[in-house]
Amino acid sequence: MANPSNPKMKILYLMRILLEKTDDQHPMGIAEIISDLAAYGIHAERKSIYSDIELLRHFGMDIEMQRGKKTGYYVAERQFELPELKLLVDAVQSCRIIPLKKSESLIKKLSSLTSNEQAKQLRRQVFIADRTKTINETVYYSIDQIHNAINTNNKISFKYFDYGVRKERMYRKEGGLYQATPITLCWNDDNYYLIAYSEKYHGLAPYRVDRMSHVTAMEERGDKYDRSRFNIADHVKRVFGMYEGENMRARLSFENHLVNVVMDHFGKDVTILSVEDGWFEISVNVSVSPVFLSWMFMFGDSAIIKEPARLIEAMGELIEKNRRNYDVL
C-alpha cells in the first residue's frame, strides 16, 4: 500500500491504474479512478486527477477521453500494440530453445505491457504444453556468456553433449572442455547455433546452443579472424542447407504446384522456365549431399533431376541404399 503522506506517489499510482485497467474498450471515469487510488491508501480530489492526467500527457502518455454511454479516460497508444504482443507471444511459445518455465515467465512479462483485459486475450492463445521445448534449462546462461565473449572478443570454453536413449547427457571428448572463438549466433530450422572459429583446426564450426553446457567467457583473447569476410547468410546456406559438399550446376524439373516451395529454398531471384504442360525448370548451384538429395526425394515423382549425370547417379545410389533397408525377407 502506498504512503498516503507522500503526495508524489499519487501520480505514479494513477499511471499504474491507467496502464493496467484501461484501453479503448475499457475507459475509466474519474469516480472509478478516485476509488482505485483509495484502495492504495491515497486520497484524491476530482480536480487534482484532471491536472495529473494533463501532467502525464505532457510526460508522453497517450491518454484519450471517451465520451458517450460511458465517459472516461484510457491509454490509447502503448509501446506495443495488441497484435504485436500476440505475435511476440506466439514466437516465444513456438521457440524450441526457450524452456517451458521460461516461456511462461516471458509471456507473463509480455502480458504486463498491455491492459489487464487485453492481457486475457494473450493468455487465451497460449498452448505451450503441446509444443516441443528444450530440456536444457541453462540455455539462457549459455547465450549470455556467448554474447559477452563476442562483445569483448574473448574465447569461450564449454562442454558439448548428445542425448542417449534414456535422455541422459553423453558428453563428447569424454567430458573434456572445448575452446573456441565465438563469431556469431544464428537460427536455422528452429534451432539456435553458435558459429565459432578454431585456430587449431583453421576453420568455422557450428554448435547447437542447447547442446552446450558449462559455457564460460574466458579471459583469453579470441583467435584472429577476419570477420569482415564472414557472410552469415552464405555460411548458413553452406553448412545447414543444400550447399555442403561438392558443388555443381544442376537442372531441376518440378511440377507447377511446387513453385512456392522452390522459391522458399532457392530465393525469389531464381529463374523459372516453363517447359512442358504443368512443369517448370530451374538451373541452380547445388551439391552432392544427402540434405539436397533428401529434399528432392520428398517430392516423389513431382521433382526430377535432369542433369548433371553425377547428381542423377548419386540420387540412384541413395534410393537403392534405402530400398535395401526395406527388403522383405
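Biologist: What span does helix H5 reach from its first C-alpha to its last?

Modeller: This is a predicted model in which local features need pLDDT of at least 70 and side-chain atom pairs count only at pLDDT 80 or more, while totals for chains, interfaces and linings use all residues. Residues are numbered from 1 along each chain as its sequence is written, and side-chain values use heavy atoms, with hydrogens and water left out. Helices (H or I, at least four residues) and strands (E, at least two) are DSSP runs numbered from the N terminus, and the expected span of a helix is 1.5 Å times one less than its number of residues. For the twelve residues of H5, 100-111, some 16 Å is expected at 1.5 Å a residue, and close to this is the span that H5 reaches, 17 Å.

Biologist: Which residues of H5 are buried, and which are exposed on the other side?

Modeller: Buried means under 20% relative accessible area, exposed over 50%, and partly exposed in between, with a 1.4 Å probe and protein chains only. By this rule the buried residues of H5 are Ser103, Ile107, Leu110 and Ser111. Seen down the axis of H5, they fall within an arc of 100° (taken from the directions from the helix axis to the C-beta atoms), so they line one face of the helix. Exposed on the other side of H5 are Lys101, Lys108 and Lys109.

Biologist: Which residues have the most contacts inside the largest nonpolar core?

Modeller: A nonpolar core is a set of buried Ala, Val, Leu, Ile, Met, Phe, Trp, Tyr and Cys residues joined through side-chain atoms within 4.5 Å. The largest one has 27 residues, and the elements giving two or more residues to this core include H5, helix H7 (139-152) and strand E6 (191-198). Those with the most contacts inside this core are Phe158, Leu194, Tyr207, Val209 and Met212.

Biologist: Is Lys10 buried or exposed?

Modeller: Lys10 is found in helix H1, residues 8-21. Leaving aside neighbours within four places in sequence, Lys10 is in contact (heavy atoms within 4.5 Å) with Leu37, Ile42, His43, Ala44, Ser48 and Asp52. With a relative accessible area of 13%, Lys10 is buried.

Biologist: How many bridges pair E5 and E6?

Modeller: Two strands pair if DSSP finds at least two bridges between them. E5 and E6 form a hairpin with two residues between them, and Asp189 in the turn has a positive phi of about 50°. The bridge partner of Trp187 in E6 is Tyr192, and the antiparallel pairing of E5 and E6 runs over a number of bridges that comes to seven.

Biologist: Which are the edge strands of the open sheet of four strands?

Modeller: The order in this sheet is E10-E11-E9-E12, with antiparallel pairing. Nine bridges join strand E9, residues 247-255, to strand E11, residues 279-287. The edge strands each pair on one side only, and they are E10 (273-274) and E12 (303-307).
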